[in-house]
Structure formats: structure tokens, C-alpha cells
Amino acid sequence: MSDIPSSSIRGNERIPPWRDGRIIGILLQIAFVIFFLFSARWLLVNINNNIIGLGEAQFICRDGTSSLRCAFDFLSADAQFDIQESVIDYEPSDSFWRAIAVGALNTMKIAFFGIILTTILGTITGIARLSPNWLVSNIAKWYIDLMRNTPLLLQLFFLYFVVFLVGLPLVGEAIQLGSVFVSQRGLNYPSLIPMSSFATWVAFIVLGIVQAQLLWVILGRREEQTGQESSRTFWVILSFLIVVVIGWYVAGNNSNNEAMLVARADRVREFDDIPALIERRLSIGDLSEIDDLIATGELTQEAVDEAQFAICTLQDSPSEINLTSQLRRANVPFSVSRSDRADQAIGEYAEDGCDAFVATAAVVAAERDLLENSADQLVVPLPETPVRISTPKLEGFNFVGGSKMSLEFSAILFGLVLYTGAFVAEIVRAGILSVSKGQTEAARALGLSETQRLRLVVLPQALRVIIPPLTSQYLNLTKNSSLALAVLYPDLYRTINTIINQSGRAIQPIVILALTYLSFSLFISFFLNWYNRRIALVER
């Protein structure tokens, strides 16, 4: 026995279980599974007890019975509350489901525009942070430090209650920048209104895209065969524009969907007769002289208001935009009376409340036949283009026409952009610094300008470093949009809170809220991860 080496004796000894790493690992995993099962059981029992405590009224079915399968049936009931801003049509008589859709779309609108503006602001600021100019670099630094080191909620309060509500003028004293008006009612700006011929024009646009792609391929093959450059970009863009312009005139000239109803006694047979009618009323030779005549006292504003072309139309009607945009170009003074229904508008016209009833040709013809003196009325077709520009105009105490960006939406959008843009700027700065100096020196040696160096050499390589942390900032912006409640913007979170108060049910709306935000986050992550894989370096 004494001849057996001690190392062999130690090799045959068994390790005690309490010192064996494999056994300890297995026991810890078993303990974790048991702990998880007990925790899950406690959570489910707690939820079940709370649901029972809430009562059967939380899960009433349409037939009067109570069941968990009917937990979301109440969302089909009328919401009975208004939502100030909506991407889609919404009335208080719509269902809770419709209200949730409106809130979700409002949140998506914030996220969509916020991500775009944040990317632009963060990229510019990140590049400015590295500028050799001392002033530019320090302004970017101070902005980043200020935004990153103050709470977002405080910034939103300051932006909405101090900058917007206190700093902006009343609607009657709105700041005018061309056709854009800024006041305490928000930002009113011109917008594009599609007319009935818009679909035809879109077909020409699609045709232009198809032929542009075909021309690109044909010219490319020709370059390969001849070895001579054929200016593909120029010819492709030119051919596309030619098709689009042709489509614009074809769609507009072949459309007879817009018309107005006028009295035969006014001698208006086409649009060009309207300026002549107003000139006869004012006894002047040219409507472009109105402002000069008022300034010299030869004409009064009261006389112009009395002679203006009065229009009766439907509320939010594209027909109004089609006519009024042409009247503005012809310097014709006009006024508009809007009604909710066609019978109201034609009734006002029949009582000589306006000079013309404007709507689609079918509506005008139908309403004319209902008039007692229909033989004395004339349907005048109106020219149209696929798109008209609706310009905001102050009428009374509010603006009509154009589009509006409310103060609430502006506050949450600009607040999120300014806050998140500071973090994105640091990410962009780090990404640029991650590119080796040799790349910059090589770009300069090739004679590239600083703009070309950033666009062609630095930023494409920096994107591989920028995209992963940028994804987190986009997710933060989307989830931080729930702070819109602080500035009274009706996003998804505020809409869900209102539904909880209206219905008395909390579990179902909160589940929908969580799943919706989860869907937004997964979509953003999926898209950016796909883009990150696409730009990744392919190793051999």
C-alpha cells in the first residue's frame, strides 16, 4: 500500500456533493424553476382574486351573462367623449375601439415626425460638436448639456405654458410669414387638397415611374455595350417630369366634376365671367386696381364688401377650395357661407343669400331640380386641376382653410425632438470619432471637400456604430410620447385614461395600452435591426 502514489489515491476520491459544481448548478436551476412556478402561481391567483373582486359587471356579455370571453365587449359601446385632434374622422358617438385607434394614430404621428426631425437635428448637432469653429462647437455643447441635464417633463411645461401660451400673440394679432400664421391657436399653413381628377393624375405618376425605370435599364445596357456615358439620371428625370406634366393637364382638362349654380340674370356662363361681374358692380375696369383705389379714397372697403362674390357651399368641401383658389388668382373679392348639408346651402342660395352654390356637378344638378325657379338657374362647369392649394384665412376669431398644427402637438413634438436630439447628437459624435483618422486623411488626399468626406467616407462607416444606440433613442422617443398628457395632447395614453374613467374598467384598456406600445417598439427594433444587418461589413 505504501508503494501507491498519493496522487492516485486523490484521483480516486469522490468530490462531496456540496462541493461539486455540476450538482450545485443543477440544484440552483431546480430552485429557480420552483421559485418561478410559485411566483407565477401567486401572480395568477392574485389577478384572479382581483378580477373576482371587481365583480361580474366588468365582464358582461351582450346577452346579459357574465364571462371572461366578453372582457372586451364594452369597447364596442359609444365612447361619448370628444377628441380634439384626429388623423381619421371621429365623433363622440363612435365606439371605444375607434377612440383607441385615434389615440394610437396620434401617437404614431408623434413618433413618425419626431424620429425624422430628431435624426436631422441630432446629425447636424453631432457634426457641429466636432466643428473646428469654437462658437459652433460650444453652442452645440451647451445645447446638449442643457437638454440632457434637465427633466423632459420640465422642458415640456416650459415649452407649452411659457413659450407657446404666453409668448405667442392672440389669433387677431397672429404672426404672418407669407401664407403661414402663428398664434396661440397654433400654426396655420397652406395645404394641398386633392380634387376629383387626382386619381387620374396618380395613374400618370405611376406610369412615369415605370417608364423611368425602363429607361434607366435601357440606357444602362447601352452604356455597357458602347462604353459611352449617356447621362442616365438627366434623361430619366426629364422623361418622368414630362409624363407627370402631361398627366396634370390631361387629368384637369378631362374632368367635369366641379360646378356652380348661378342665376341666369348674372350673365355668368364660365369662370372668366365672374371678374367681369364684379367689375360691373364696382364700375371699375380692372380688379387689380382695387387696393390702389381704396388707398386713394376713390373706392371704399364697404363698397367692395357689398360687391364681393358670395358663395354658398358645404363645410370642408374641396369644391370651395377649387373655386376660391381661382378667385384669389383673379383678384376677385369673395365671401363664403358654409353649411353642414346641401339642402341648407341651397336654401340659403334660394333666399338670395349668395351669388353661387358650389359643389360637385352631380350635387349641383340635383339641388337645382328641387328649386321652384330651376329654369332661371344655370349650372356652370368649373375648371379644376388634380391638386389645389388651400390657404388659411382669418374669418372672425379663427382661421379657415389650410391645415393646422395645434399648440399641443407642437409642444410634444418639439419637446421630444429637442430632448432626444441631444442624445442622438452624442451618438453621432461618437460614431464619427470611431472612424480612423486614416480614412479622413485619405479622403483629403483625394481632394474631397469636407462635405464629400462626411457624406461619402465618414458617415457610411460611422453608421455601423451609430445604429444600435440610435435604436434605443427612437424607442425612448416613442415611449416618452406618453408625456403628451402633460400638454393636453390626445395621444394613446390620454385616450386610454379617458376610457378607464368613462367605462370604469381598467384591466382591459391597460392591456391594450401595453400591447400597443410593445408593438411600436418591436416594429422600430425590427426595422433598424434589419437596416443594421444590411450595412454591416461582410467578412470573408
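Visitor: How many bridges join β3 and strand β13, and in which sense do they pair?

Guide: Strands of a sheet pair through backbone hydrogen bonds, either parallel or antiparallel. Here β3 and strand β13 (residues 403–405) pair in the antiparallel sense over three bridges. Two strands count as paired if DSSP finds at least two bridges between them, and strands (E, at least two residues) and helices (H or I, at least four) are DSSP runs numbered from the N terminus. Within this pair, Y189 has S403 of β13 as its bridge partner. This is a predicted model, in which local features need pLDDT of at least 70 and side-chain atom pairs count only at pLDDT 80 or more, while totals for chains, interfaces and linings use all residues. Residues are numbered from 1 along each chain as its sequence is written, and side-chain values use heavy atoms, with hydrogens and water left out.

Visitor: What is the strand order of the open sheet?

Guide: The order is β1-β2-β3-β13, four strands with antiparallel pairing. β1 (175–177) and β13 stand at the edges with a single partner strand each, so one side of each has no neighbour in the sheet. On average, neighbouring strands of this sheet are turned by 20 degrees against each other, direction ignored.

Visitor: Let us turn to helices. At what angle do α5 and α14 pack?

Guide: Two packed helices are described by the angle between their axes and the distance between the axes. For α5 and α14 the angle is about 135 degrees, with the axes 9 Å apart. Axes are lines fitted to C-alpha atoms, for helices over the stretch in contact, and angles run from 0 to 180 degrees between N-to-C directions. That makes α5 oblique to α14, given that angles under 35 degrees count as roughly parallel, over 145 as roughly antiparallel, 65 to 115 as roughly perpendicular and the rest as oblique. The crossing of α5 and α14 is right-handed; the near helix is then turned clockwise from the far one by less than a right angle, and anticlockwise in a left-handed crossing.

Visitor: Which residues of α5 and α14 meet?

Guide: L152, Q155, L156, L159, Y160 and F164 in α5 meet residues of α14 including L407, I412, F414 and Y419. Contact means heavy atoms within 4.5 Å. The buried residues of α5 are L152, Q155, L156, L159, Y160 and F164, where buried means under 20% relative accessible area, exposed over 50% and partly exposed in between (1.4 Å probe, protein chains only). Their cover includes α4 (134–148), α14 and α16.

Visitor: How do α3 and α4 cross?

Guide: Their axes come within 7 Å and cross at roughly 130 degrees. α3 and α4 are therefore oblique to each other, and α3 passes α4 in a left-handed crossing. Among the residues making the contact are L121 and T125 of α3 and V136 and A140 of α4.

Visitor: How many residues does the largest nonpolar core have?

Guide: A nonpolar core is a set of buried Ala, Val, Leu, Ile, Met, Phe, Trp, Tyr and Cys residues joined through side-chain atoms within 4.5 Å. The largest one here has 39 residues, and I412, V487 and Y489 have the most contacts inside it. Its largest share, 13 residues, comes from α14. Y489 touches, among others, I110, F409, I412 and A484, not counting residues up to four places away in sequence.

Visitor: Is T420 buried or exposed?

Guide: T420, found in helix α14, counts as buried because its relative accessibility is 2%. With residues up to four places away in sequence not counted, T420 touches T118, Q473 and L477.

Visitor: Where does R267 lie?

Guide: R267 is found in the loop between β5 (258–263) and α8 (273–282). Although R267 is not a glycine, it has a positive phi of about 55 degrees. At 54% relative accessibility, R267 counts as exposed.
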